[in-house]
Amino acid sequence: MNRHDAVQQVNVNDSWRGWIAENLILGGHPDALIGIMIQSGIVEASARTEMDAALRSPYLRGVSRLHNRLSKRDWVLRIQSRLNRLGPNEVPRRERLSEQEFLHEHYRRNQPVIITGMLDDCVARDKWTYDYLIEQLGEREVEVQFGREADPNYEMNSNAHKRRMPFGEYVAMVRDSGPTNDFYMTANNDGQNRAALQELMADLPPLAEYLEQGRSGFFWFGPAGTITPFHHDLTNNFMIQIAGRKRVRLIAPCDTPSVYNQRHCYSQVDGRNIDLQRFPMMANVPVIECVLEPGEILFLPVGWWHFVEALDVTITVSTTHFRWDNDFYTHYPSNQDF
């Protein structure tokens, strides 16, 4: 038996057939793919037989036609991405934006904006101190995300990080801790916290120019250093900043083909330091950055990718109850594993 005969032979299974199909659709040359298969231990005759079968397959031809249509869609998206690079690389700030200005210039056009002046008389900005929250609501049981720093996929695995505790104990933790991403009260905890913290919502202005009345928001509260990784929402969203500053990085929906959308509405790209060696398609993606100050409202349009980092201890209330059509979830793809 010679050295060549001693190499362990690899059989072509369905996993290999899926690999062949995917790489042919992505433009791989058949001879190059056969070479890889041979190097992996597949007999040349078997590799060529499988490649010929794939190239003749009516299933592959059907998928190729679908891929061509998706490529056309990506081409259209890239047009908007290139045009976006011609504009200012910032989120505009607008003082007391009127209902019609907001609707026609931002909501309808799917364009972010920071609205200023609408929270100047907001009671919560002065009222929601550590002492007040502990004295008035400290005995309420709330839910918080814990153990985030030990899990690189803490956002996707948020259900595994839920913990209940007295709200006063959590407020004291936030007050006394330094910067950390290990614990954070987020919208994912709303099922428990909505009722526990309901009366806080009465301290917010109605923002009737933009929002339906009588609806509550999502309460976000955490130390400096909390990170919400790049993701997109399935609805339009307001970030109502009550306390502290948040750094927000945004990417337009038209750049979705380049943001390494691993699963559902999440990206693999780290917004703190975009690694172009690992994620080369991000090289030409315009990233807009802003710092959301206390008393400001950020409009996050549906589909916009955003990364959020708390620069201080922060309290944010988010809401999705706009006066206009905001049901984009109904037609979201049911299969979220890509």
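Q: Which residues lie nearest the centre of the second largest pocket?
A: A pocket is an open set of points on a 1 Å grid over the protein atoms alone, with protein on both sides within 12 Å along at least five of seven lines, and lining residues have an atom within 4 Å of a point. Here 29 residues line the second largest pocket, and Ala 187, Asn 188, Trp 220, His 231 and Asp 233 lie nearest its centre. This is a predicted model, where local features need pLDDT of at least 70, side-chain atom pairs count only at pLDDT 80 or more, and totals for chains, interfaces and linings use all residues. Residues are numbered from 1 along each chain as its sequence is written, and side-chain values use heavy atoms, with hydrogens and water left out.

Q: Which strand gives the most to the lining of the second largest pocket?
A: Strands are DSSP runs of E with at least two residues, and helices are runs of H or I with at least four, numbered from the N terminus. Strand S7 gives the most, with 3 residues.

Q: What is the volume of the largest pocket?
A: A volume is the space filled by probe spheres set on the grid points, which are joined across faces, edges and corners. For the largest pocket that is about 1100 Å³. Its lining has 34 residues, with Asp 74 and Leu 77 among the closest to the centre. Helix H5 gives the most to this lining, with 6 residues.

Q: What is the order of the strands in the open sheet of 3 strands?
A: Two strands pair if DSSP finds at least two bridges between them. The order is S4-S3-S5, with antiparallel pairing. S4 and S5 stand at the edges with a single partner strand each, so one side of each has no neighbour in the sheet.

Definitions and conventions
1 Å grid on protein atoms, 1.4 Å probe; cavity = no way out; pocket = protein on both sides within 12 Å on 5 of 7 lines; lining within 4 Å.
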